[in-house]
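Me: Hey, can you walk me through this one? I'd like to start with what's packed inside.

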Amino acid sequence: MDECKNENVVSGTSEMLDFCTEENNFENIDSDQTDESSLDVEDCGVDTIGGVDVDLCVKMNGNCPVTPIIGRRMRDFRRTCKGFSEEKQSVLMNSGFGCLFTFRCSELNIPLCYYMCKNFDVEKSLIKIHGRHLAVNVLDLKHVLGLSDGGSDVEFCSSCDDTLMLDWKARLWGGEENMTLDVLAKKVFTSKTADDAFLVSFCLYALSTMIMPSESDIVDPRLLAPLNDPKKISTYNWASFAFRHLVDGIRRYQTCVSSPVYSCVAFLQLFYLDTLIMKAIYVNRFAPPVMCWTNKSARIMFGQTERAGGFEDGSTYVSKKWSGCSQYKPGGSEDCSTGLKTTVVEDLARVTKVVEELKVQLNQVRSTFSEMHPDIIVLREAIITLQQLVQQLTDEGIDNIVCDVVKEVIEEEAEHKDLVTAEGTNSVCTSSPTAAYNDGPDTVYTESDPVGLKNKSYMCNADAVVASVSEKDSCLISFLFGKTVTQYDELGSFEVAKSEDCSITRWDLSCLSPSKTVRKEVVDLMVSYLFERSGDRWFMPTVFSERAKELCSGNVGDGVVLSTMTICRVGRYTGRLAACRQVFFPVHDAGADHWILVVLDVVSGVCEIWDSSPNINATQRREAFATAVVGLFIKVFEDDIRLCPAISFKLTSLSISYPTFMAESSKPEDSVSFR
């Protein structure tokens, strides 16, 4: 792979490939006006984009995964599908091709396409993005492009002698021997009704331009094989077929069998954009990415990536945020372009149906409970009898019996230990349940060398070690810490824990080793877990304090509050301020590489700084951090605070203090362990 690829092409990240070609031979589409700007780069007549030759693929010595023809296919598809009526949209949404017709991100980033194809592990179905190995499969393609599987495999015959295929060819080709893609696009665009001819024409056009693009402008009639019966189009596995075709195209590209990837390269670009943490723009997360990403929003994100160091930079955070969510299928009482509700009658019918289903399930629960009632009575009587026996044994002096047994066991172990030591063997007796504990740190044996597991110092006790490690915990620790990993290798970059938008890899967890500072990804994951368990205590992610410090320094604009609410997902706290007691803000002091915890007591109006490693030289700076996060909190929850006069009064006279119970340590890296 490295012998037939030019590594230098990844250095630039802003070169966009949306090729300008000859005009289509039908009206209306040629006069298309994009929604990004009045003069779109893809509609211009120049040969360069941003000073970069559009034939960048030629400069790559035949190693470019995309060609000008593929770029033109995607642009023409976007133009052709723009402005479909609601009737046509409804038919396409139920055809198996889903919301593919809403595709708008037609500009291809050449370095990104090269980067994604080069780092796609077709054998393990993994793709390496910014140092992280993310699993990619057909479910991701369904989520990104909106395609679906109906249950039957997609098959293409090698001949065109089938009767139904001949009928459709005569109907669409109009007696001509060949039909160009421009003619087919015109049929799709100018169709007046959403009949079978429109459905077959669109599916044929989508296969020829998006899923299976080719260099030829002639439509392959063999693609009609799975389309000859319009009623069965939705029963085919279009998502699985598109994913297999993409993987096969990338495999051929990596082995130098075929230089361009004649598959749906747009999926790779949309998948990459969907994994990014968006700080510069807001993109709807409740709809498939194919519906939400435009050329303009993609340019903004590519610019953000370029400023961060490019596609090879490992500091850019990426993660699959949609895992487990069901496929988005707007239709019926939902506007398929926005996903918004348009009627109420159908929604009430849905609610009524759900309520009826719940009633049936509730009756089943009642029936099950009534059957269990006799067993519950018997179980209750058994528990009462057991309690009486325990009380009887306690009254008869069972505590003294237990103490005597423990004493005898300890004496026997001591004698056995002296015996084994006298024989010159290991002093640890493997047959005793307590012999595994010695004066040194616990040891976990891995595939190679044993790894000593010393705990971080706690409560100023430098000699503290792990007191007890169960067999289950020992296996877990061996898995997480038993091997040396790096940030970018396959083992270290594999995700091991996830909650909401937060995820961590094995390399991230290595920060929990001795003498290492905890990474913010681990802190954010813990914050996410704590949010699920507590209702009156709120836990803010680390980005909240980062935004607060930026706001305090004056380096951000007026939109910082709105963007902070979006990124930190504070909408889940809206209307709950009256029930809140405390708010926790983890703050990183970059100057000392040390974490502190700012705790806002909403009831008493007191702000505490929990600092396990206080530094008189950093006191003023950390108090400024605390003031900044509380100030941003007041701005974000301004409306809720106004509705709670008591809380508003307390926050106006806020004071900063330090708790007296806080233990101290001389090691800044141990800060989070004191929480």
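**Inside the fold**

Reply: Leaving out residues up to four places away in sequence, phenylalanine 202 touches Phe77, Cys81, Phe84, Leu92, Phe97, Phe101 and Val188; contact means heavy atoms within 4.5 Å. This is a predicted model: local features need pLDDT of at least 70, side-chain atom pairs count only at pLDDT 80 or more, and totals for chains, interfaces and linings use all residues. Residues are numbered from 1 along each chain as its sequence is written, and side-chain values use heavy atoms, with hydrogens and water left out.

Me: Which residues touch the most other members of the largest nonpolar core?
Reply: Phe97, Leu145, Phe202 and Phe267, out of 95 residues. Such a core is a set of buried Ala, Val, Leu, Ile, Met, Phe, Trp, Tyr and Cys residues joined through side-chain atoms within 4.5 Å. Buried means under 20% relative accessible area, exposed over 50%, partly exposed in between (1.4 Å probe, protein chains only).

Me: And which helix gives the largest share of this core?
Reply: Helix 8 (residues 196–211), with 12 residues. Helices (H or I, at least four residues) and strands (E, at least two) are DSSP runs, numbered from the N terminus.

Me: New topic: why is helix 9 called largely enclosed?
Reply: Because 12 of its 17 residues are buried. Among them are Trp238, Phe241 and Tyr253.

Me: What do those buried residues of helix 9 pack against?
Reply: Helix 4 (110–118), strand 5 (120–121), helix 5 (138–145), helix 8 and helix 10 (265–275).

Me: Is phenylalanine 494 buried or partly exposed?
Reply: Partly exposed, because its relative accessibility is 41%. Phenylalanine 494 sits in the loop between helix 15 (471–481) and strand 10 (495–499).
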